[in-house]
Amino acid sequence: MPALMKAWAVDRPGPVDGGPLVRVDKAVPAPGPRQVLVRVRVCGVCRTDLHLTEGDLAPRRPLVTPGHEVVGSVEQLGAGCTRWHEGDRIGVPWLGHTCGICRFCLSGRENLCLDPRFTGWDLDGGYAPYAVVDEAYAYALPEEFGDEEAAPLLCAGIIGYRALLRANLPEGGRLGIYGFGGSAHITAQVALARGARVHVMTRSPEAQQLALALGVSSVAGADAEPPEPLDSAILFAPVGTLVPPALAALDRGGTLAVAGIYLSDIPVLNYEEHLFEERTLQSVTANTRADGEEFLAEAARTGVRVSVTPYPMDQADAALRDLRHDRVNGAAVLVA
Ligand SMILES: [Zn+2]
Ligand SMILES: [Zn+2]
């Protein structure tokens, strides 16, 4: 085991074209009690990494290493580990730790924990050769998915799945999806497998093509009106100005779930047009480990296909720039 490694880190958050992501020497971390050291094989690039790098999300500590869609192999076990063996393939997700004793943890809502730790924000993540994870927060990965396909499932997939649950999609219902990147293209497949009719609103012609290839019923521009009223909608684009048209597109009693951790300001809403008739605006905050287990099983069972654009690990900065400028179709992943 080397003592040092080259890891990506967020130096001074700012526009991604200005080089806020730098490569630094860090010590290879040692796993503490009930933690395992993971040798990173693939790490997905999530929009949250971009928000952190650009300063939309305040950094929780200096020179943090981003990356919370980590697929790797267990390299070393910390004291007291019982769940994994050396060599196991595991996934390291966004939810890195919860307190286990707050009122939310104790009522099955650990996604709302009062003292959580997130991978790649509070804890160093997978834009590096090695990372450490609490053994209880790692996932076993279905063998149906190769390393590159599995990585985006770990946040894009899981958070999209929680957003789908929060959007209250009824059996055979009508779902609108606003923005169609890494998370949305996975979530759309879960919804289609559940029998939904799906309408996609996005400005990217490549994303529209991908959506049609996956079997959605219609595609249109970012704020276009879908061809029928929606039972449910999910806003994946981090664009608050899309909230009013998405609410207006809901049928009576419909729900709009906002999937992202960051959203630009929402314009003034009109009660009658956007909320009356029991329309619901719903945020999505992280996920529980149970959400993750359920999603991974459902994705494997229903044959979800993940569209990836691979980059070498040493081009993480280029991957983030491409994500920033909408040049990535599907999900970007860094390959060690
Ligand atoms: Zn808690
Ligand atoms: Zn993420």
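**Rings, charges and a helix pair**

Arg-60 lies over the face of Trp-121, at 3.8 Å from the ring centre. The model is predicted.

Trainee: What makes Arg-60 count as lying over the face of Trp-121?

Mentor: A charge sits over a ring if CZ of Arg is within 6 Å of the ring centre and within 35 degrees of the ring normal. Arg-60 is at 3.8 Å from the ring centre of Trp-121 and lies over its face. Another such case is Arg-289, whose charged end sits over the ring of Tyr-137, 3.9 Å from its centre.

Trainee: Is Trp-121 buried or exposed, and how do you know?

Mentor: Buried means under 20% relative accessible area. Trp-121 has 10% relative accessibility, so Trp-121 counts as buried.

Trainee: How many aromatic pairs does a search of the whole structure find?

Mentor: The search finds five. One of them joins Trp-94 and Phe-118.

Trainee: Why is the pair of Trp-94 and Phe-118 called stacked?

Mentor: Rings pair if their centres lie within 6.5 Å, and planes under 30 degrees apart count as stacked. Here the centres are 4.7 Å apart and the planes are at 15°, so the pair is stacked. The two residues are 24 apart in the chain: Trp-94 is in the loop between strands E5 and E6, and Phe-118 is in strand E7.

Trainee: What makes Trp-94 and Phe-118 buried?

Mentor: The limit is again 20%. Trp-94 has a relative accessible area of 6%, so Trp-94 is buried. Phe-118 has 8%, so Phe-118 is buried.

Trainee: Why is the pair of Trp-94 and Trp-121 called stacked?

Mentor: The ring centres are 5.8 Å apart and the planes are at 15°, so this pair is stacked. Trp-121 is in the loop between E7 and strand E8, 27 residues from Trp-94. Trp-94, Phe-118 and Trp-121 form one aromatic cluster.

Trainee: Turning to the helices, at what angle do the axes of H1 and H8 cross?

Mentor: The axes of H1, residues 47-54, and H8, residues 316-324, come within 10 Å and cross at roughly 100°. Angles of 65 to 115 degrees count as roughly perpendicular, so H1 is roughly perpendicular to H8.

Trainee: Which residues meet there?

Mentor: Arg-47, Asp-49, Leu-50, Thr-53 and Glu-54 in H1 meet Leu-320, Leu-323 and Arg-324 in H8. By class, this contact has three nonpolar, one polar and four charged residues.

Terms used
Residues are numbered from 1 along each chain as its sequence is written. Chains are lettered from A and ligands numbered from 1 in the order in which they are written. This is a predicted model: local features need pLDDT of at least 70, side-chain atom pairs count only at pLDDT 80 or more; totals for chains, interfaces and linings use all residues. Side-chain values use heavy atoms; hydrogens and water are left out. Axes are lines fitted to C-alpha atoms, for helices over the stretch in contact, and angles run from 0 to 180 degrees between N-to-C directions. Helices (H or I, at least four residues) and strands (E, at least two) are DSSP runs, numbered from the N terminus. Angles under 35 degrees count as roughly parallel, over 145 as roughly antiparallel, 65 to 115 as roughly perpendicular and the rest as oblique. Contact means heavy atoms within 4.5 Å. Ala, Val, Leu, Ile, Met, Phe, Trp, Tyr, Cys and Pro count as nonpolar, Asp, Glu, Lys and Arg as charged, and the others, Gly among them, as polar. Rings of Phe, Tyr and Trp (its six-membered ring) pair if their centres lie within 6.5 Å; planes under 30 degrees apart count as stacked, over 60 as edge-to-face and the rest as tilted. Buried means under 20% relative accessible area, exposed over 50%, partly exposed in between (1.4 Å probe, protein chains only).
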